[in-house]
Amino acid sequence: MASEISNAPTRSMWSGKWAFILAAAASAVGLGNLWRFPYLAAKYGGGMFLLTYLVLVFTLGVSLLLLEITLGRKTRFSAINAFSSLDKRAKFIGVLASAVPFLITPYYCIIGGWVAKYLTASVFDGVGAISDGGGYFTTFITANSSFIFALVFIALACIVVALGVKGGIEKANLVMMPLLLVMALGLAIFTVTMPGAMEGAAYYLLPDFSKFCPELVIAAMGQVFFSLSLAMGIMITYGSYLGSKTNLTQAVTRIGCFDIGVSFLAGLMIVPAAFIAFGSGEAVAENSGPSLMFIALPQVFDAMGDIGGIIAIVFFVLVLFAALTSAISLLETCVSIVQDGLGKGRREAMVITFTFVAVMAVFVNLGYNGLSFIQPLGEGSTLLDTFDFISNSVMMPVVALLTCLFVGWVVKPKTLIDEIKTSSKFVLEKAWTVMIKYIAPVLVVVILIAYVAAQFGMFSM
Ligand code: PHE
């Protein structure tokens with residue numbers, strides 16, 4: 001395979017279509033599905049959020065996924081060179097996209113470290129220790145030594161990336177993804193069959209149209225980007241490792257189904273459980289911030305009695321797997337960017353990337369302890385919040401907007417449509433063109449304005 005590619009003879013390749021789909025799904029399925037999706041669903045009225053999200057994934061999400069993967073496969077480069085090989089002036093879009101994983105990886109690994117900590121604590125100290133209503137969490141993250149868990153998490157992800165695309169990433173996904181699905185399914189069945197779960201399940205599953213509002217749509221759109229790992233060069237890189245025969249439209253639909261399937265199950269296990277613990281939709285919404293996973297859920301587990309200890313362990317293993325497979329995709333993308341962008345060999349690129357991520361993670365982690373006086377986004381904000389805001393709320397929408405404008409209006413959708421058609425029919429060609437040229441850019445501008453306005457208190461979400 002590799003010999004066909006004149007621009008990068010050492011480029012890695014997936015061993016087949018399913019390896020690619022699994023890898024893209026593994027990147028997509030992560031903390032976004034297990035942590036962010038349930039709390040957004042709980043916050044924005046359950047079923048109505050679920051329905052809106054479903055529609056957005058299969059319109060906006062899958063269209064942009066198709067765009068990025070095709071861009072990668074056509075050019076056989078990661079983001080920077082993918083853009084510049086189509087038009088020299090567009091190189092900066094690739095540079096911006098490539099900066100995003102470098103910003104996200106360090107703090108994603110810190111949260112991965114929290115999950116690792118909670119897993120160890122639920123195994124060794126029992127769920128009672130972590131369910132004290134927030135004290136445990138605060139003590140842990142404000143301790144200077146908390147970065148150790150982030151480093152352990154980073155080390156695990158680095159080992160997989162160091163073993164290579166076929167020898168590491170594919171194998172790790174092949175083990176972790178099926179297990180993840182089984183655990184998610186098992187836990188979802190467990191929670192919906194708990195006494196009193198029906199009310200919560202109904203809240204989560206039945207759309208209440210009166211809950212529909214702009215904030216809900218904006219939150220759902222932001223979630224589509226984060227959850228599908230869009231606008232940060234990951235899918236471009238993964239597409240660039242893809243054989244020329246793979247049916248792209250079918251692949252992106254499957255990736256979308258995978259991602260939404262896990263989000264759906266996560267909501268199904270978490271929303272009814274939180275409902276039982278807090279009693280009503282409003283109370284769930286109030287407790288449904290980012291602290292849902294680390295403060296509210298442990299209390300739910302504790303209240304389950306003896307079985308809660310086991311459920312907590314299974315739950316944190318599940319989250320750890322999801323976080324690890326996503327972190328692996330982030331690291332692989334960074335490696336690939338350093339490789340292509342700086343013209344380094346894979347080995348050297350790995351050393352540079354791993355060192356950078358570890359150092360940055362320690363730095364961002366200091367935002368909770370040694371450097372907590374640095375509060376860039378105002379009173380009480382942390383370095384992690386700041387990295388999250390810059391990457392997710394500002395850079396991702398900007399990159400998505402520039403990408404759509406570039407493909408829609410400069411290189412023209414036909415360039416990518418031709419690539420898609422080399423391996424399959426493309427029935428929705430016209431709809432896709434309209435999405436990329438008109439609809440997606442408008443939606444992305446709305447997300448950008450809303451997120452920035454919300455951050456500075458001009459809009460509440
Ligand atoms: N999509 C991942 C999730 O849902 C997060 C992620 C973002 C992974 C960006 C890679 C890159 O958690």
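Visitor: Hi! Which residues come nearest to the ligand here?
Guide: Of the 15 residues around the ligand, the nearest are Ala 28, Leu 31, Gly 32, Tyr 108 and Phe 226. A residue counts as near if one of its heavy atoms lies within 4 Å of the molecule. This is a predicted model, where local features need pLDDT of at least 70 and side-chain atom pairs count only at pLDDT 80 or more, while totals for chains, interfaces and linings use all residues. Residues are numbered from 1 along each chain as its sequence is written, and side-chain values use heavy atoms, leaving out hydrogens and water.

Visitor: What does Tyr 108 do with its polar side-chain atom?
Guide: That atom lies 2.9 Å from an oxygen atom of the ligand. A polar contact here is a pair of N or O atoms within 3.5 Å.

Visitor: And which ligand atom does Ser 229 face?
Guide: A nitrogen atom, at 3.0 Å from a polar side-chain atom of Ser 229.

Visitor: How much of the ligand does the protein cover?
Guide: The protein covers 100% of the 310 Å² of accessible area that the ligand has on its own, by the Shrake-Rupley method with a 1.4 Å probe.

Visitor: Nice. What classes of residue make up the shell?
Guide: Seven are nonpolar, eight are polar and none are charged. The nonpolar class is Ala, Val, Leu, Ile, Met, Phe, Trp, Tyr, Cys and Pro; Asp, Glu, Lys and Arg are charged; the others, Gly among them, are polar.

Visitor: Changing topic, how many helices and strands are there in the protein chain?
Guide: There are 20 helices and zero strands, taken as DSSP runs (helices H or I, at least four residues; strands E, at least two).

Visitor: What does the C-alpha trace span?
Guide: About 60 × 50 × 40 Å along the principal axes of the protein chain.

Key:
A polar contact is a pair of N or O atoms within 3.5 Å; within protein, one must be able to donate a hydrogen and the other to accept it, and residues adjacent in sequence count only if both atoms are side-chain atoms.
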